[in-house]
Amino acid sequence: MLRQVLHVGLRTSFHALGRFVAGHAVFFASAPVLLSILLGASFSRYRVEGDVESLLAPKHSLAKIEGNLVESLFPVNRSKHALYSDLQTPGRYGRVIVTARRGSVLDPVHLDTILQLHRRIYQMQVTVPAMTVGSGSFNYSFSYLCLPDDRNICIVDDIIRAMEEIQSARTSNRSVPVLRYPITQLADGRQAYIGHQLGGVQGWGPGGAVRVQGTGVKGEGVRSAKAVQLTYYLHSRSGLMDRVAGQWEKAFCAELKLFGSLHPKLGLYPSTSSSLRSDFQFSSVLARRPLLASLGVCGVLAILCCSMRDCVRSKPWLGMLALLSVTLSGLTAAGILNLTGATYNSTYLGIPFVMLGHGLFGSFEMLSSWRRTREDQHVKERVASVFEDIMLRFSGSTMIHLMTLGLAASPLTNMEAVRLFCRTAALAITISYIYMLSFYSSCLVFTGYLETRYRHGCFCRRVPKPDRLDSKPAWYRCLMYTRYQDETQSTNIPHGVGHTHVPNPSLTHVETRTENSSGVSGHTASAIETHSPPEIHLTTPTELHPQDSHFLLGCVRRCYGDWITNTYVKPFVVLLYLVYISFGLMGFLQVTQGSDPSALVAMDTATVLYTRAQQRYFSSYSPVIGFYIYESAPYWNASVQRDLLEYAKGFQRISWLEAYLDYLSDRNESTSQPRENFTRTLRHSFLRAPQFAHFADDIIFAERGQGEEPDVAASRIFLVAKTTENKREEMSVLLDTLRRLSLTSRVRFLIFNPSFVYLDRYATAVSSPLRHSLLAVLFLLGLSSLVVVEPLVSLWLGLTLLSVQFGVLGFMTLWGVEMDCVSVLSLISALGHSADCSGPLLCGFASGRGESRTRWVRLALERHGVPSLQTLVCYSAALVPVCSVRSNLTRTLFRCLLLTAGCSALHTLAFLPTLLTFLPPSKTKDHRLGRDGQRQEVECVEMNDSTRVVDQITTV
């Protein structure tokens with residue numbers, strides 16, 4: 001009872017709202033335009049997000065907490081040269097991979113050229129104007145900007161020192177020192193890890209045999225190498241120095257480009273700290289023209305979808321105005337974002353398509369409902385009837401959009417890119433809904449007045465009367481073709497009491513109960529009846545109907561509706577659905593996470609080229625992992641030493657503890673000593689040796705008391721794992737394994753690398769917004785089934801949303817799309833899109849009473865399947881130009897959104913129409929009959945008022 005009362009109240013409210021909008025059409029048409037223009041002027045405050053890590057990395061993760069602890073113990077900015085990471089090194093830096101197109105980078109010619117490049121970069125200067133007027137400008141070189149060591153000397157890569165030693169030996173005709181891999185020994189006796197500085201290595205095996213790259217053991221001699229990687233770390237101590245460092249990075253890339261043109265035998269692949277940010281945002285620049293092309297293609301198809309053979313009923317401008325309404329709402333949302341200080345990023349490229357799908361479907365539904373209204377009514381009444389008919393369903397689908405996007409935009413979302421996208425998309429959907437009620441509805445009013453005055457739907461020219469039209473040329477008669485007056489006369493024939501003859505079969509048997517006379521009073525109904533068993537005689541298919549001149553509607557009515565509900569077609573549709581589920585399950589079981597930020601940047605950019613070279617030549621070893629012991633531990637204890645050595649077993653190690661134990665063994669001293677002796681030898685003997693002095697940065701001592709040796713309060717060692725091509729997946733597994741080990745170890749330790757902030761709990765952070773949104777939609781459907789929607793409709797819609805999501809997720813995996821933030825954004829928006837397409841069809845089918853399932857499925861397809869088909873056609877065509885953008889982000893967006901449109905089309909136009917013919921809800925006849933068992937009809941007696949048909953009086 002509550003459901004019926006609330007349903008009637010909402011429909012009545014929307015009916016009143018429709019009358020109000022139609023009565024003030026000029027205001028509601030002009031206000032959105034003026035507001036959009038005013039807010040569009042705020043683009044002077046347009047800002048782009050500069051922190052890519054905050055967007056693409058989980059906002060709250062254990063890796064960030066560990067990073068803060070590590071920063072407090074061993075400043076990461078001072079440890080960048082040791083704590084190597086591929087793309088996520090903090091701070092400012094310039095990095096280049098140099099490859100030899102022929103031969104080895106260690107050949108004399110190539111080695112001299114690489115050292116020449118190093119000297120040019122070292123001496124390169126950038127000119128920065130002074131902050132004060134009249135102070136001139138200043139030149140800064142790398143020696144001023146570099147990251148210094150304890151002796152205030154610029155930190156350079158160890159491979160540079162090794163190559164300088166080789167060059168010096170060749171120049172003085174001395175024997176060339178042996179370069180070992182991945183850990184080599186420099187001239188000062190210090191051991192250095194060069195696994196991430198020398199790539200494509202072939203080593204000398206036993207008996208002079210050649211080992212392929214990366215298969216050698218620790219300390220093997222290097223025979224040749226295909227690539228060398230050089231990194232130049234900058235120290236940005238203040239805002240001014242950060243600006244100077246940014247200028248230096250630009251000069252660094254320009255210098256490498258010039259040097260590469262002068263030395264074509266070498267390949268140069270630069271990367272800086274700002275490369276990832278600029279290449280990530282470059283996708284938006286590349287997508288500008290394709291987005292304009294998408295609007296153009298969508299506009300043309302929208303015009304065609306709104307056109308009819310009948311020039312009076314044809315409303316092509318409504319298609320363009322629907323697109324204009326979406327554009328104005330997007331401009332208004334962008335203006336609000338600019339005024340509130342929000343920033344933009346490339347993931348916002350998906351928001352126009354979310355708005356487009358929702359806005360186009362609402363406009364096509366309104367136009368379809370308009371064509372079902374009684375043409376003899378006033379325009380205001382027809383608009384009110386349209387609001388009463390479709391706004392409840394359209395508001396429900398809008399609520400589903402806002403629920404899914406709103407929950408994903410809540411603080412529960414751990415991915416900042418997802419949260420910002422959903423927040424902006426929810427704002428845009430809200431404004432689009434308001435503009436659909438105001439701007440587009442006002443445009444519908446204006447086109448309604450054109451139809452009332454017999455004006456051409458495209459040229460707004462009054463259509464001549466038939467007698468004057470016969471004297472015109474054939475092309476003019478074709479252009480001004482209309483059956484408006486003929487159909488009006490044909491509908492004036494009174495019907496007999498014993499039968500029902502309806503001029504438009506798509507509007508047959510729409511029940512209008514006398515106790516709810518305001519329900520559908522504006523829509524065409526030939527009889528207000530109470531149902532009974534006698535057979536109902538319908539018009540023949542060959543009879544002309546007003547809406548048959550619409551191509552898609554005519555195809556659905558005459559062909560597709562009968563074909564999809566055919567008894568012999570249903571088994572094949574069910575089989576197709578089983579195939580759909582099977583392939584979806586196949587892809588669902590192969591879902592992989594895409595935590596690599598370089599997979600979301602534009603193609604053919606510095607980041608992509610650098611990443612490819614990195615994977616080709618430097619994939620044998622992982623980034624350097626810091627193993628931090630953050631509490632005081634009894635290092636002198638033999639069992640603790642064994643545990644620490646066991647933890648590091650299987651890794652390439654740069655360990656002060658292992659070097660110190662070897663140092664004690666070389667001095668024939670016991671490694672298990674009292675604490676004082678162990679610490680005294682460590683401080684006063686081991687760390688003062690030149691070859692071990694660099695280990696002083698890895699140990700923190702804590703004073704105990706006067707006259708006592710201090711404790712080792714914290715320390716660190718560096719580990720490097722052997723990896724294969726699936727480098728990031730193996731790093732994620734290694735991270736989880738070492739963390740589990742830290743929970744059971746006697747020694748309290750943690751591991752950290754700057755790249756861990758992208759890997760840590762990435763799958764959970766990415767997938768949780770999707771799960772929350774899906775649960776929110778199911779909860780909303782369950783709640784609405786208690787007060788607004790019939791329970792079976794909510795059940796069917798929930799199952800449809802799950803099925804569409806399952807299919808999109810499975811098929812996108814089979815198409816090579818990983819689970820990253822962009823694909824999750826597309827999946828979240830797919831919930832609302834599939835609800836737009838399938839919700840009205842289910843509601844239309846469930847609202848019917850009497851007759852057969854097949855008849856109501858056909859009727860629901862005519863009324864709601866055609867707007868869904870029009871939306872999907874325009875939406876899919878708008879996606880086509882996006883696939884031409886050379887960007888990984890837009891490729892992922894295109895594939896996910898296209899799969900969303902395809903799966904929604906399959907469910908709306910094939911699966912649901914077939915399944916509803918033999919699954920609940922059933923179509924039971926209403927047995928509330930009169931005493932004589934016959935139904936009672938209400939006939940309309942109509943009068944002609946020159947050119948219009950006026951509803952005069954109703955009798956029973």
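These legends describe close-up views of a predicted model. Residues are numbered from 1 along each chain as its sequence is written, and side-chain values use heavy atoms, with hydrogens and water left out. Because the model is predicted, local features need pLDDT of at least 70 and side-chain atom pairs count only at pLDDT 80 or more, while totals for chains, interfaces and linings use all residues.

**View 1. His118 in helix α5.** His118 belongs to helix α5, which covers residues 108-123 (helices are DSSP runs of H or I with at least four residues, numbered from the N terminus). With a relative accessibility of 6%, His118 counts as buried, a word that means under 20% relative accessible area, whereas exposed means over 50% and partly exposed lies in between, for a 1.4 Å probe and protein chains only. Apart from neighbours within four places in sequence, His118 is in contact (heavy atoms within 4.5 Å) with Val156, Ile160, Glu164 and Tyr232.

**View 2. Aromatic pairs of Phe residues.** Rings of Phe, Tyr and Trp (its six-membered ring) pair if their centres lie within 6.5 Å, and planes under 30 degrees apart count as stacked, over 60 as edge-to-face and the rest as tilted; the count comes to 33 aromatic pairs. Phe27 and Phe28 are edge-to-face, because their ring centres are 5.3 Å apart and their planes stand at 75 degrees. Phe27 is exposed at 53%, but Phe28, at 16%, is buried. Phe686 and Phe695 form a stacked pair, 6.0 Å centre to centre with 15 degrees between the planes, and both are buried.

Conventions: Helices (H or I, at least four residues) and strands (E, at least two) are DSSP runs, numbered from the N terminus.
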